[in-house]
Amino acid sequence: MIHQKRRQELLSRIEDNALVIVCTNSELQRNADVTFPFRPDSSFWYLTGFMEPDAIAVFSKNNYSIFLRPKDKTKEIWNGKRLGVDAAPEALLANNAYSIEEFSEQLETLIDDESVLYYDNNSTNILAQDIASADNIKTLLPHLSEMRLLKDEIEIKNMQTSADLAAAAHTQAMTKVKPGMFEYEIAALFDAEFKRNNSTHAYTPIVAGGANACVLHYIENNEALEDGDLLLIDAGCETVGYASDITRTFPINGRFSEAQKQIYSIVLDAQKAAIDCLKPGGPVNHAHETACETITKGLTELGIISEDLPLNEFYMHNTGHWLGLDVHDCGQYKLNDEHRQFEPGMVMTVEPGIYIRKNDKIDPKYWNIGIRIEDDVLITESGNTVLTHSLVKEIDDIEHLMNGSL
Ligand SMILES: [Mn+2]
């Protein structure tokens, strides 16, 4: 079982007398007695495969104990089935299972004086109190994130599924958008497409028409889509825990203006040049440097970048991030203060953008153009694979798709 293999692999990376403690999340109250849909903690899920709230895994070379919610007839009638203590050892390949309420008292028997305690900083405060008295405590994430950073075959398959699903939803948005529609109508296409494939949003989607695209984390998604404006959509799904993260920008009326084409071409060139930097042995910061160079050159030629208006007026975020169980996945970008190198199995987004707000020093034809193009890229032995390749991004391909001739 994959989760057992992962626990063993993690233990092999740390001291022989290590005791690892990993918690999942609790349900989060939305209001009154309503909770938000539950989502397990990513590291807990990765190491146990267990998806109920309020559980803690404690494991060492010799023992794996799981603490979970006990069976409760009334609560199960109202809120759904629980695995329960009796069935847990067989289902989760654990040596022992206990009620979560017994955690504090049992923990004392699991820790001995020799143990080096590893725990995830994301773990709950309750845990922090329980282990505050132990003296040899270390943080788990640096070791665990190195494992989560390199995706195995099953993870890559899930990430490809997630990428395909998000790409299909973006394709629908391109074919269905019309001037006069509202941003939420387009957002609803993503809700439906993800939902009917047993998937969810990996993060709150950005559906930003016109000037809204220049607000980087615009999530209101409630304004009308105007003829002549661009629409920027940043939306990805989560499938079997794994996120996709895609951004496309396209004309609401199906035809780019000349000014929009000029800016779009710069972002696309920057994105392609950045993707070429993703290969084994390449330093992880080169993609961003390359994107910045391409954008600086392009915007300077158009007279948009000037002494008063440097690059960071128009491009103020990074070019990519790790992707996996979390949309901004764990994993260090530097090792010993040096930018690390790409290795096969890593997955990173590549997402340069240009955002031109209203400014009297800039030709008005460029005002309120906000463009980002984002793909998800897997590093392979020979270079990389763009997991989101099925979604168009060339100007001609977008226009053909939107006008029904592709
Ligand atoms: Mn992203």
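Which residues are linked with Arg148 in a network of salt bridges? I found Lys151, Asp326 and Asp329 in that network with Arg148. My criterion for a salt bridge was a side-chain nitrogen of Lys or Arg within 4 Å of a carboxyl oxygen of Asp or Glu.

Ground rules. I worked on a predicted model, where local features need pLDDT of at least 70, side-chain atom pairs count only at pLDDT 80 or more, and totals for chains, interfaces and linings use all residues. Residues are numbered from 1 along each chain as its sequence is written, and side-chain values use heavy atoms, with hydrogens and water left out.

Overall fold. I looked up the secondary structure and got twelve helices and 21 strands. Helices (H or I, at least four residues) and strands (E, at least two) are DSSP runs, numbered from the N terminus. The radius of gyration is 24 Å, close to the 22 Å from the globule rule for 406 residues, so the chain is as compact as a globular protein of that length. That radius is taken over C-alpha atoms, and the rule is 2.2 Å times the number of residues to the power 0.38. The C-alpha trace spans about 70 × 50 × 35 Å along its principal axes. I noted 51% of the 406 residues as buried. Buried means under 20% relative accessible area, exposed over 50%, partly exposed in between (1.4 Å probe, protein chains only).

Salt bridges. I searched the whole structure and found 23. One of them joins lysine 138 and glutamate 15 at 2.5 Å, N to O. Lysine 138 lies in strand E8 and glutamate 15 in the loop between helix H1 and strand E1, so the pair ties together parts 123 residues apart in sequence. Lysine 138 is partly exposed at 34%, and glutamate 15 is partly exposed at 26%.

Next I checked aspartate 234 with arginine 372, whose closest N and O atoms are 2.9 Å apart. Strand E11 holds the aspartate and strand E19 the arginine, 138 residues apart. Buried or exposed? Aspartate 234 is buried at 7%, and arginine 372 is buried at 4%.

Then helix H11. Lysine 297 and glutamate 301 pair at 3.5 Å, N to O. They sit four residues apart in that helix, about one turn. Lysine 297 is exposed at 55%, and glutamate 301 is exposed at 60%.

Last, aspartate 113. I located this residue in the loop between helix H5 and strand E7. Aspartate 113 counts as exposed, at 78% relative accessibility.
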